[in-house]
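Subject: Structure for your review

Dear colleague,

Please find below the structure that I am handing over to you.

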Amino acid sequence: MNHSSGSDRIELMQTFIRIVESGSLSAAAAQLGTTQPTVSRRLQILEQRLGLKLILRTTHALKLTDDGERCYAQARQLLATWHALEDELTGASDDPIGTLRVRAPHAFGQDQLIDPLVDYLHRFPRLNIEWMLNDRTPDFIAENVDCAIQVGAPSDPSVVAVLLAEVPRFVVAAPRLLDQFPPIERVEQLGDLPWLALTSFYRNEVALQKIDDGQPLNLPIMPRLSSDSLYAVRKAALAGMGAAIVSSWAVQEDLAEGKLIQLMPAWQAPPLPVWLTYPWASYYPARLQHFFAMIKEVMPQLTGTRPASQPAHSDRAE
């Protein structure tokens, strides 16, 4: 091996894979924590060693050559085998090492999931986690994300999706708002209240179900305030701005203290499913396998969640 290049073969393969999957040299450099010239140099070294042109670079895009396509497929398999060997020889299967990149929903990720995450990191001192909070579904490959926790049904049929738990949702309002209206005795009266919309899940209509028999009801609403933030909707509800549908965990203390009141408890919005999603691979490193096991165990036990009423595993991408 040419040691003067300063790059070993595994590093060259990893860099090549990152270039392909991120779509650009600059994105690959950012994900690898290095510079664009370094990434460009590694690609040149790899092409020189193989005696092949792997990537055609134009002004606006990268395009794999036929040799590049074959190299990419083989490199991914090679690295999976290498990581499996590394884990086995270093004992990492018992003591996960490295960095795990996880995407989680904003509110849920900064509230409910921090305690189990801290416990997990205490158990494995050689592991680091990048905990990225974003309600958007990630592009796992391009963004170099290992796995995601998603609230609501996954939209990408190509990923592995495991149903972890579900989150009940309540209709709530502040007493100061309810004092301005006749007592709510029929579910249809909810439509007479001013409303707050959590735009991730509802905007101009709310869908409710009767708890005992599943009878559906759709009510049109005219939101005074619309937001994609659960915390913003909760604070506006506490201020008496309108009624809202919110995840039960976010308002449990408010309900217990009487700051919010659950309206028509016999009617609730359908619970939100919580999914673990990740791209399919032939090998998952120990840090991912242990995280999968941990999140499957703790998620149904969190305050404000419950075991999912659907089958515990999707049948897609398996």
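Strand S6 (residues 160-173) is mostly covered, since 14 of its 14 residues are buried. Buried means under 20% relative accessible area, exposed means over 50%, and partly exposed lies in between (1.4 Å probe, protein chains only). Helices (H or I, at least four residues) and strands (E, at least two) are DSSP runs, numbered from the N terminus. The model is a predicted one, in which local features need pLDDT of at least 70 and side-chain atom pairs count only at pLDDT 80 or more, while totals for chains, interfaces and linings use all residues. Residues are numbered from 1 along each chain as its sequence is written, and side-chain values use heavy atoms, with hydrogens and water left out.

Which strands pair with S6? Two strands pair if DSSP finds at least two bridges between them. S6 and strand S13 (residues 267-278) are joined in the antiparallel sense over 8 bridges, and Val162 has Leu276 of S13 as its bridge partner. Strand S11 (residues 244-247) also runs antiparallel to S6, with 4 bridges; here Phe170 stands opposite Val246. Strand S12 (residues 261-262) is antiparallel to S6 as well, with 2 bridges, and Val172 faces Gln262 there.

Next comes helix H6. In H6 (residues 114-123), Pro116, Leu117 and Tyr120 are buried. Seen down the helix axis, the buried residues of H6 fall within an arc of 100°, so they line one face of the helix; the arc is that of the directions from the helix axis to the C-beta atoms. Asp115, Asp119 and His122, on the other side of H6, are exposed. The cover over the buried residues of H6 includes strand S4 (127-133) and helix H11 (286-298), where contact means heavy atoms within 4.5 Å.

Leu133 is located in strand S4. With a relative accessibility of 25%, Leu133 counts as partly exposed. Leaving aside residues up to four places away in sequence, Leu133 touches Ala104, Pro105, His106, Gly109 and Gln110. Leu133 and Val102 are 31 residues apart in sequence, yet their C-alpha atoms are 8.5 Å apart in space.

Finally, Leu89 belongs to helix H4 (residues 66-90). Is Leu89 buried or exposed? Leu89 is exposed, at 66% relative accessible area.

Yours sincerely,
A colleague
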